[in-house]
Amino acid sequence: MFLRNVLFLLIITVTLPLPYISFPWFIAIPGNVRLRCISWNKDQGFIACGGEDGLLKVLKLETQTDEAKLKGLAAPSNLSMNQTLEGHSGSVQVVTWNEQYQKLTTSDQNGLIIVWMLYKGAWYEEMINNRNKSVVRSMSWNADGQKICIVYEDGAVIVGSVDGNRIWGKDLKGSQLCHVAWSSDSKILLFGMANGEIHIYDNQGNFIMKMKLNCLVNVTGAFSIAGIHWYPGTEGYTEPDCPCLAICFDNGRCQIMRHENDQNPVLIDTGMNVVSIQWNHCGSVLAVAGFQKATTQDKDVNIVQFYTPFGEHLRTLKVPGKQMSALSWEGGGLKIGLAVDSFIYFANIRPDYKWGYCSNTVVYAYTRPDRPEYCVVFWDTKNNEKYVKYVKKPLFVTMTKTHVIAASKEAFYIWQYRVAKKLTAMEINQLSRTRKEGRERFVIKTGVLVAFICFQGTRDPICAITASDKTLIVGRESGTIQRYSLPNVGLVQKYVLNCRAYQMSLNCNSSRLAIIDLSGVLTFFDLDTRVTDSTGQQVVGEQLKLERKDVWDMKWAKDNPDLFAMMEKTRMYVFRNLDPEEPIQTSGYICNFEDLEIKSVLLDEILKNPEHPNKEYIINFEIRSLRDSRALIEEVGIEESSQFIEDNPHPRLWRLLAEAALQKLDLQTAEQAFVRCKDYQGIKFVKCLGNLQSESMKQAEVAAYFGRFEEAERMYLDMDRRDLAIGLRIKLGDWFRVLQLLKTGSGDADDTLLEQAHNAIGDYFADRQKWYVINAVQYYIQGRNQERLAECYYMLEDYQGLENLANSLPENNKLLPDIAHMFVRVGMCEQAVTAFLKCNRPKDAVDTCVHLNQWNKAVELAKNHNMKEIGSLLARYASHLLEKNKILDAIELYRKANYFFDAAKLMFKIADEEAKKRTKPLRVKKLYVLSALLVEQYHEQVKNAQRGKVKGKSSEATSALAGLLEEDVLSSANRLTDNAWRGAEAYHFFILAQRQLYEGYVDTAMKTALHLRDYEDIIPAVEIYSLLALCACANRAFGTCSKAFVKLESLETLSPEQRQQYEDLALEIFTKHCPKHTKKSDLDGLLEGGEGKLPTCVATGRSITEYQFWMCNVCKHCVQAQEISNYNFCPLCHSSVT
């Protein structure tokens, strides 16, 4: 076996093709043994190929050297592994890799299956299996490498585990199998039959259904399946719901499905005889290999077609040789291997990455398995920082210094933008603060849509766009080029090309247009030249004669309209006036061409690990004129070099000459060179140098000019000019060195400069969010910068330090309001109020209390500072709470603000609503008790006001809440003030009667229930008299029971069915018992209501006839003297017994 280097480079794209193809190299198999299959290990890079006479080889391409990586060269030149595996005697027909477990599975025409394993750098047999009945037609490992499915020609199916154990087997009788594929989740198996059908099974071998093959509609004649490949989604998808299951037949028909039951698949007619298909590593490109009948030749032509998942044709690759048998992608999608006759051809893939470059920032997009969108990385190559965004894919985008243009196939948008200046973290905080205060410091105008042009229903879609500062070029599929002026977006001219543009670029003065078409041919068009056409008419625009093939990238120089760089295969050419320089070997993508330097980026290397880009993959190339000028200056001298630069003028070359003259203090030549390159700052610098008398001072200034700051500082210090050294470091922003020079120098340091240095170092740490005491805080303290110190304390959440700082500030200090707002943002009311009061802003202090719900403090402050707004604020906030149905919050608000009457009204409303809902009686009682307690607090408040001889003021919130409290039960003030405890009494006796009844005290329970007759306005009458009837019946007081039934039967609220039930129950009771009293002691008096005038014991429900009894000092209810000793709290209001 040998390796040949032959130029061959295949360029395809991820979404659209970069039109360029050629062959780099191939491997020939000794003895001209014909290859049947090939498989490329996606993880480790091993290539397995099988052929006739038991041929089985494992190869591995040599990895790139560091030098090749730095140049971006894609093609290796040697093999790092070339092992022949012995074991097969017949033609090897199937090879498949298990990447997860580093195993190779192969099978030959005799049905022999061998599993190979890697041991100490070589491949050895691990397992052998031979069914001796039929031939293996296909094998497939599932996505996680745990299972393998093997299908035989006679219909046998075997599913085994990675350790060699058989999981299940099935014999599909009457079927001839030829293909198998796993779904990405390993739940579905697809079996391809010899007759072209595809059957769907589950992973246990149970038949589900036959697949519908839309691509074979209206197809006649014999056909067979050429390939089935189901992309497992391991590298993500190009977009959501992307087709991933490819099925292709030998007649060229193909369908790409989203899942096995997709009713609307993507249909493709490749127009060739297909032998093999395979997705690339990320499922963005489908390669279809086969052959076509040549129209002018007798032999077939081997070709590979490339498609997107949505059926868009990307590229056609013609492959030499007689017959192609298989293809396989490399793991990174940058190479493809083709088995042709006894050769393996390799092609390098030049993907059309989604990327861009501006302002030292490389922007690139890639897909991730965990996200449906594109992951867009903004990589600042200067600071080596990156930022990530997730966006959907636009079709065409270009950008100028003032406009962004985005286009679809039918329309384009133009936005005008302005770049904002960079802000430090402190400035951002300061900006947000000033915006809140209503003072805008500057205006940033971004993202203004200035034009939208749509061509609805066009038959000539947009295929490419480009723009400069004054011109927009829109290319269409027919070859028409439309030229618009910017910024007014007016159509200036139309041109017609003889090709379809894929990529376009304008030079710096918008006079020439470079076009790369779908075939990779680079041509140029002069936009302003007037020529006479074949008809004798004068037209604008001329096609230039220069034409280059196999081009996949180009970039105009930003400062020279006749200078451009282009990528052709693996070489970079630089053209001046359409004449090329000698090429540079590289495969990098061109970022920028300016000042005779080309910056390129090795996207192939970056996209291997896109989350961690490396600055080594940014390469700078100098063009020949710059290299020659530098060599002349170094070898010949300044005077002789100036003539060469005069013949090849460029601002960069004049600047190179000026810098060389400065190094030698040849000020006259330096000044002339700066004049030629229009460097005004350089001219001023030379003038300043001429005014200096000391040669040492001149050398120090030149050293600083060229960035040799350490050398310049050393020279200043040697001249005893510490002030100049400090000034140099201040200009550089190196405040650490400034502070060091101030502290180490002789004499006293300037206190103002020391404070400035400390504050600048504090800003340095603050910008990096290093707020800690040993960093920013320490330097702000030394710099006496109280404003930034407050920011640091706030960011550190050191509120004690912030409070101490506020206490240390004098009254009415301008920083106090800012500190107070910091306390407000974190809910520290007391500290915020103290700060506001210290700067004489009591209204802000009250607003803070209201905002933080500290209403007691707000009322106190309002009273102390004679403010009248607190009542209206209270009413407004309470109304807001009631609108949101937060009644309990409104009650708590009123209670804390000592508006007990308003709180009581809301509490009574809640209690009445709960009573209507038939909530548990104990809960209703508690609510009524709380309502009554609020009324008692209101009474106490009125009494205290009268004692203090202060006229009571009516609640200002009453009018605001009047409309919200329209319940009839709350309309009377007497109920709230005079009968506040009626609701609590009612539910107290209601609960007490039932408790006594269940405890067996039936007589006491009946007497307690008799009290409930006075509370029909609170408890429904049906419940009162039902309870009374029950207690009376249990007490055998059938007369009372009879009266209760009479009352029940007369209630209008009962339905006829309920009334009939009560009548039936009464009839059942009183047919057995006469409705007369059996106890005559005090029952009759109770029934007449005579005892209603006596106080009732809330502990027992009995009337109190004794002269001595206990009265609660809160609710003013009584308990018999002998009973109160059993209680620690009042049975009704639960206040302590004293």
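The following legends describe close-up views of a predicted model.

**View 1. Helix α5 and its surroundings.** Helix α5 spans residues 638–647, and its buried residues are I638, S641 and I645. Seen down the helix axis, these buried residues fall within an arc of 60 degrees, so they line one face of α5. In an α-helix there are 3.6 residues a turn, so residues three or four places apart point the same way. The cover over the buried residues of α5 includes α4 (624–635), α6 (651–663) and α7 (667–676). Exposed residues E639 and D647 are carried on the face of α5 turned away from its buried side.

View 2. F207, I208 and M209 make a nonpolar surface patch of about 260 Å². F207 belongs to strand β20 (residues 207–210). Because its relative accessibility is 44%, F207 counts as partly exposed.

**View 3. Aromatic pairs involving strand β31.** The whole structure contains 32 aromatic pairs. One of them, W40 with F346, is edge-to-face, with 5.6 Å centre to centre and 80 degrees between the planes. W40 lies in strand β5 (residues 35–40) and F346 in strand β31 (residues 343–348), so this pair ties together parts that are 306 residues apart in sequence. Both W40 and F346 are buried. F343 and Y345 form a tilted pair, 6.1 Å centre to centre with 40 degrees between the planes. F343 counts as partly exposed at 23% relative accessibility, whereas Y345 is buried, with a relative accessible area of 9%.

**View 4. An aromatic cluster.** F524, W556, F564, Y573 and F575 together form one aromatic cluster.

Notes:
Residues numbered from 1 in each chain as written. Predicted model: local features only at pLDDT ≥ 70, side-chain atom pairs only at ≥ 80, totals over all residues. Heavy atoms only, no water. Buried < 20%, exposed > 50% of the residue type's maximum accessible area, 1.4 Å probe, protein only. Helix = DSSP H or I, 4+ residues; strand = E, 2+ residues; numbered from the N terminus. Arc of directions from axis to C-beta. Contact = heavy atoms within 4.5 Å. Patch = residues over 30% accessible without salt bridge, like charges linked within 9 Å, V, L, I, M, F, W, Y side chains within 5 Å. Areas by Shrake-Rupley, 256 points an atom, 1.4 Å probe, with all protein chains shown as cover. Salt bridge = Lys/Arg side-chain N within 4 Å of Asp/Glu carboxyl O. Phe/Tyr/Trp six-rings, centres within 6.5 Å; stacked < 30°, edge-to-face > 60°.
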